[in-house]
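User: I would like to go through the labels attached to this model and see what each one rests on. Please set the values against the cut-offs.

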Amino acid sequence: MSEASVLTYQVTNLPSQGITLEGDISFAALDIDADERFSYPQPLFFELKLAPLGPDVLVTGKLHAVISCICDRCDSPGELAIATDDVCHRYKNVAGQVLDLTTDIREDILIAFPQSYHCSESCQGLCPSCGQNLNQGPCRCNDKEADSSKGASPWSALDNLKL
């Protein structure tokens, strides 16, 4: 069976108890390409139940994947498990047709992606001046700035305004 047909089902004589589709599919087959933030070392695992609902088909199930991410604070690589167990789609009047779930499964997993990824909750990020990863230790520019502006408020430049 080709990878493109893993998420397709010919809807003929679907048993009343339904059927389960289980397996994995690559992100490339879902038309999800790696970019600077995310890559996909493992395929997406799916477990889907197709049940007849009159002339319609109800698809429910769950998806799971482990993706590689780049931390938005410190630019370090990490891995993140993403999952959704609330896949639910209703396909109307599909009896006798080939049901292709690929597009809807693609959307379901994309919705589960994080808006931002942090390698840890305590990630300190990068120094905005020198770029040092502050998780690996303090940078030297903080010492220099502290020496040159001892006691100076970041708002002190506003005191010089003539309004």
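Analyst: A contact here means heavy atoms within 4.5 Å. By that rule Cys71 touches Ser76, Tyr117, His118, Cys119 and Cys123, leaving out residues up to four places away in sequence. The model is a predicted one.

User: Where does Cys71 sit in the chain?

Analyst: Cys71 lies in the loop between β5 (56-70) and β6 (77-91).

User: Why is Cys71 called buried?

Analyst: Buried means under 20% relative accessible area. Cys71 has 3% relative accessibility, so Cys71 counts as buried.

User: What makes the chain more spread out than a compact globule?

Analyst: The chain has 2 helices and 7 strands, and from the N terminus on they run β-β-β-β-β-β-β-α-α. Its radius of gyration is 25 Å, whereas the globule rule gives 15 Å for 163 residues; the value is well over the rule, so the chain is more spread out than a compact globule. Along the principal axes, the C-alpha atoms fill a box of roughly 80 × 40 × 20 Å.

User: How many of the residues count as buried, and what supplies the exposed area?

Analyst: Of the 163 residues, 34% count as buried. The chain exposes about 10400 Å², and carbon and sulfur atoms supply 50% of that area.

User: What share of the contacts joins residues at least 24 apart?

Analyst: The share is 60%, taken among contacts between residues at least 6 apart in sequence.

User: How far apart are the mean positions of the positive and negative charges?

Analyst: They are 9 Å apart, for 11 positive and 23 negative charges.

User: Why is Asp75 called exposed?

Analyst: Exposed means over 50% relative accessible area. Asp75 is at 53%, so Asp75 counts as exposed. Asp75 is in the loop between β5 and β6. Not counting residues up to four places away in sequence, Asp75 touches Ile70 and Leu126. The C-alpha atoms of Asp75 and Val59 are 38 Å apart, at 16 residues apart in sequence.

User: What makes the phi of Asn13 worth a remark?

Analyst: Most residues other than glycine have a negative phi. Asn13 is a residue other than glycine, yet its phi is positive, near 55°. Asn13 lies in the loop between β1 (8-10) and β2 (19-25). With 77% relative accessibility against a limit of over 50%, Asn13 counts as exposed.

User: What is the phi of Asp31, and is Asp31 buried or exposed?

Analyst: Asp31 is not a glycine and has a positive phi of about 60°. Asp31 is found in the loop between β2 and β3 (38-39). The relative accessible area of Asp31 is 51%; the cut-off is over 50%, so Asp31 is exposed.

Definitions and conventions. Residues are numbered from 1 along each chain as its sequence is written. This is a predicted model: local features need pLDDT of at least 70, side-chain atom pairs count only at pLDDT 80 or more; totals for chains, interfaces and linings use all residues. Side-chain values use heavy atoms; hydrogens and water are left out. Helices (H or I, at least four residues) and strands (E, at least two) are DSSP runs, numbered from the N terminus. The radius of gyration is taken over C-alpha atoms; the globule rule is 2.2 Å times the number of residues to the power 0.38. Buried means under 20% relative accessible area, exposed over 50%, partly exposed in between (1.4 Å probe, protein chains only). Accessible areas come from the Shrake-Rupley method with a 1.4 Å probe; for residues, only the protein chains shown count as cover. Lys and Arg count as positive and Asp and Glu as negative; His and the chain ends are not counted. The place of a charge is taken as NZ of Lys, CZ of Arg, CG of Asp or CD of Glu.
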